[in-house]
Amino acid sequence: MLKETLTRRGLAGRIASGLSILGCGGALLTRGASAQASDSGVQKLNYDGKPADGTQMITSLIVHNGLIYISGQGANDAGNVQGADIETHTTKVMNNVKKLVEAGGGSMDSILQLTVYLANLDYYDGMNKVFKGYFPHGGPARTTVAVAGVPGHSLLEINCIAAVTRK
C-alpha cells in the first residue's frame, strides 16, 4: 500500500512538472496538497493574528497550506473613514489588507492575487494612484470590476491571497 501511494505521488509530481511547462502544473500540485491537508491545518485568525473566537460570521484572515486568505476589506470595516474620495478609501482598505497579510505571516510582496470591487469604474485611476504606493516592487495578479454597490458605503472592497513568508 505504501509503495503504491509513493508511486502515485511520484507520478503526480512528474505530471505536474510536465504540466508546469504549460502553466497549469501549480493547480495540480495545489489540489493534491489540499486533498492531503487535514481540517486541523486551517487557522482562522483575527485582525491581530491570534486565533479567532469562532463567533464571527466571516473570518477576515485564514491561513492554510502556506497561503493567507484575506476576506473582502472595505473602507468602513474597521471604523468609519474620514473623507469621501477614492484615494482616502483606497488607503484605508490597503492598510487593512497590509495589516492582515502581515498578521498571517506574509508581506505586501507575498500577495499573489488581489481582487478589487469598485463602487464606480470612474474611481479606477484614483485607486491605481494609491495602489502603486503599496507595491513598489510590482503588484500581484489583479482583477478589478465595477459593482452595483459595496457594503458599508465604502467606495471599494478588496480581497486577496498571499503566500506565508515567515512563521
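Reader: How many aromatic pairs does a search of the whole structure find?

Author: The search finds 1 aromatic pair. Rings of Phe, Tyr and Trp (its six-membered ring) pair if their centres lie within 6.5 Å; planes under 30 degrees apart count as stacked, over 60 as edge-to-face and the rest as tilted. This is a predicted model, in which local features need pLDDT of at least 70 and side-chain atom pairs count only at pLDDT 80 or more, while totals for chains, interfaces and linings use all residues. Residues are numbered from 1 along each chain as its sequence is written, and side-chain values use heavy atoms, with hydrogens and water left out.

Reader: Why is the pair of Phe-131 and Phe-135 called tilted?

Author: The ring centres are 4.8 Å apart and the planes stand at 40°, so the pair is tilted.

Reader: What makes Phe-131 count as buried?

Author: Buried means under 20% relative accessible area, exposed over 50%, and partly exposed in between (1.4 Å probe, protein chains only). Phe-131 has a relative accessible area of 7%, so Phe-131 is buried. Phe-135, with 6%, is buried too.

Reader: Which residues of H4 are buried?

Author: They are Gly-126, Met-127, Asn-128, Val-130, Phe-131 and Tyr-134. The buried residues of H4 pack against H3, S4, strand S5 (141–146) and S6. Helices (H or I, at least four residues) and strands (E, at least two) are DSSP runs, numbered from the N terminus.

Reader: Where do H3 and H4 meet?

Author: Ile-86, Glu-87, Thr-90, Thr-91, Met-94 and Asn-95 in H3 are in contact (heavy atoms within 4.5 Å) with Gly-126, Met-127, Lys-129, Val-130, Phe-131 and Tyr-134 in H4. These residues divide into 6 nonpolar, 4 polar and 2 charged. Here Ala, Val, Leu, Ile, Met, Phe, Trp, Tyr, Cys and Pro count as nonpolar, Asp, Glu, Lys and Arg as charged, and the others, Gly among them, as polar.

Reader: Which residues touch the most other members of the largest nonpolar core?

Author: A nonpolar core is a set of buried Ala, Val, Leu, Ile, Met, Phe, Trp, Tyr and Cys residues joined through side-chain atoms within 4.5 Å. The largest one has 27 residues, of which Ile-111, Leu-114, Phe-135, Leu-156 and Ile-158 touch the most other members. Strand S2 (61–64), strand S3 (67–74), H3, strand S4 (111–118), H4 and strand S6 (156–163) each supply at least two residues of this core. H3 gives the most, with 6 residues. In soluble globular proteins, nonpolar side chains tend to be buried together.

Reader: What makes Val-97 count as buried?

Author: Val-97 has 0% relative accessibility, so Val-97 counts as buried. Val-97 lies in helix H3. Leaving aside neighbours within four places in sequence, Val-97 is in contact with Gln-73, Ile-111, Ile-158 and Cys-160. Val-97 and Ile-111 are 14 residues apart in sequence and 9.8 Å apart in space, C-alpha to C-alpha.

Reader: Why is Asn-65 called partly exposed?

Author: The relative accessible area of Asn-65 is 43%, so Asn-65 is partly exposed. Asn-65 lies in the loop between S2 and S3, and its phi is near 55°, a positive value in a residue other than glycine.

Reader: Is His-153 buried or exposed?

Author: His-153 has 74% relative accessibility, so His-153 counts as exposed. His-153 lies in the loop between S5 and S6.
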